[in-house]
Amino acid sequence: MPKSNRVFVCRTARYNEDMRPLFRAIEPTVYSGLLDDPVVSVRVRPRGKSLLLDCGQITHLAKRVLRSVEALFITHAHMDHFMGFDTFVRHVHVSPKTIDLFGPPGIAARLERKLGGYDWNLTESHWCTFRAHEVGGNLVSTWFLPGAEGFPLRFAGETQRADRTIYENRHLRVEAETGDHGLPVLFFRLTETPSFLLDEDKVDSEGLQPGSWMGVLKKNFYRGTLGEEPLEIVRKDQGECRRETIENTRTLYERIRREEPPASLGYFTDLAFSEANREKIVSLLQGVSLLIAECTFLAEDVEKARASRHLCTDDVNTLLQELRPRFFLPLHLSKTYIHRTAQLYEELRMPPGTTLLKIPDHIPPRPLIPAEVPAPAPVFDSHSKPASRDDATTRR
Ligand SMILES: [Zn+2]
Ligand SMILES: [Zn+2]
């Protein structure tokens, strides 16, 4: 079993075509095994914060991981994707912060009912607030659930969707699309913000001498101030170096930047294999760097896949032909295949350029049976006599 599901192997495994890490700012970790209820954390390293994609099996996530979560993205409210939310609340509710949660229409009322299932008579003014966003086709509706008041649901307004983007910070953008699973299901694309990259050949062919001006250009790029101030660069001219002032640094950067699409992560699960879903999946997720997606059934159970509006291996193979991710990681395999998970990897066919990634069947700690739980041991002090051997009870 690998030491961790951190993504992603690209940091340690060796790929001939590209030794660089797949992502620069984000670090996805699949916290669920192949047969577990899905949960993926995405650490945004420069912020020291995380995002959660679905909230299935989360009892084994470290408290500090849960406390770093600033936004959750819930595909739909089937129990296997949302039941971990209570555990999440237990770890974060006394923190003074606002946590965003994105889900399909109806998710805000579900949050209200989940949180309304507990007594909150001991709330304090610094408790966290949830900000729930229901992502519809044209609108995003937002509600607040302030912990200081015991998490009542307060409508905060709605905004027209200009495009697919539902969440953004300096380091990444999250886009969402809605698919069908007998009910609306969200699926997501996380794209890193473009990095400052220079093409050495272009720098050379422009006759530019590398120097401290590159650092100034980089600073302006990340501050968003390219083109606002002139920059003194050094140019090589017939063996001589001479200083020159560039008025428009934006144009300069466009001429010498390295063309490289930003890394992206696609995540979808629980979708029917329909033409409408296929079109939307391909439109949002084609060419992502890493695709993490459902593959619930083996090919022989295609009828079960159709009946429950899930995907089987043949469906996933068809989608992969169009999606062509660099890496593909299947999850959410039906627990009925517990003794033959290897067959999943045999049936999946990767298109050229796609590497199939494998995760453990389960991520520990696995549930324990009674015989594995340490038996209570008697505690003796100087006033009590040890029980005789015959009286001792043991599970072993
Ligand atoms: Zn599911
Ligand atoms: Zn489902």
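## Strand β11 and its partners

In strand β11, Arg189 is the bridge partner of Glu175. The model is predicted: local features need pLDDT of at least 70, side-chain atom pairs count only at pLDDT 80 or more, and totals for chains, interfaces and linings use all residues. Residues are numbered from 1 along each chain as its sequence is written.

Strands here are DSSP runs (E, at least two residues), as are helices (H or I, at least four), both numbered from the N terminus. Two strands pair if DSSP finds at least two bridges between them.

| Partner of β11 | Residues | Sense | Bridges |
|---|---|---|---|
| β10 | 172-180 | antiparallel | 9 bridges |
| β14 | 264-268 | antiparallel | 4 bridges |

β10 and β11 form a hairpin. The two strands have 3 residues between them. Gly182 sits in the turn, with a positive phi of about 85°. Toward β14, Arg189 stands opposite Gly266.

Now the whole protein. It has 11 helices and 17 strands. Its C-alpha trace spans about 100 × 55 × 50 Å along the principal axes. Of its 396 residues, 34% are buried. Among contacts with a separation of 6 or more, 61% come from residues 24 or more positions apart. A contact requires C-beta atoms, placed from the backbone, within 7 Å.

Methods. Chains lettered and ligands numbered in written order. Buried ≥ 20, exposed ≤ 12 C-beta atoms within 10 Å, placed from the backbone. Contact = placed C-beta atoms within 7 Å.
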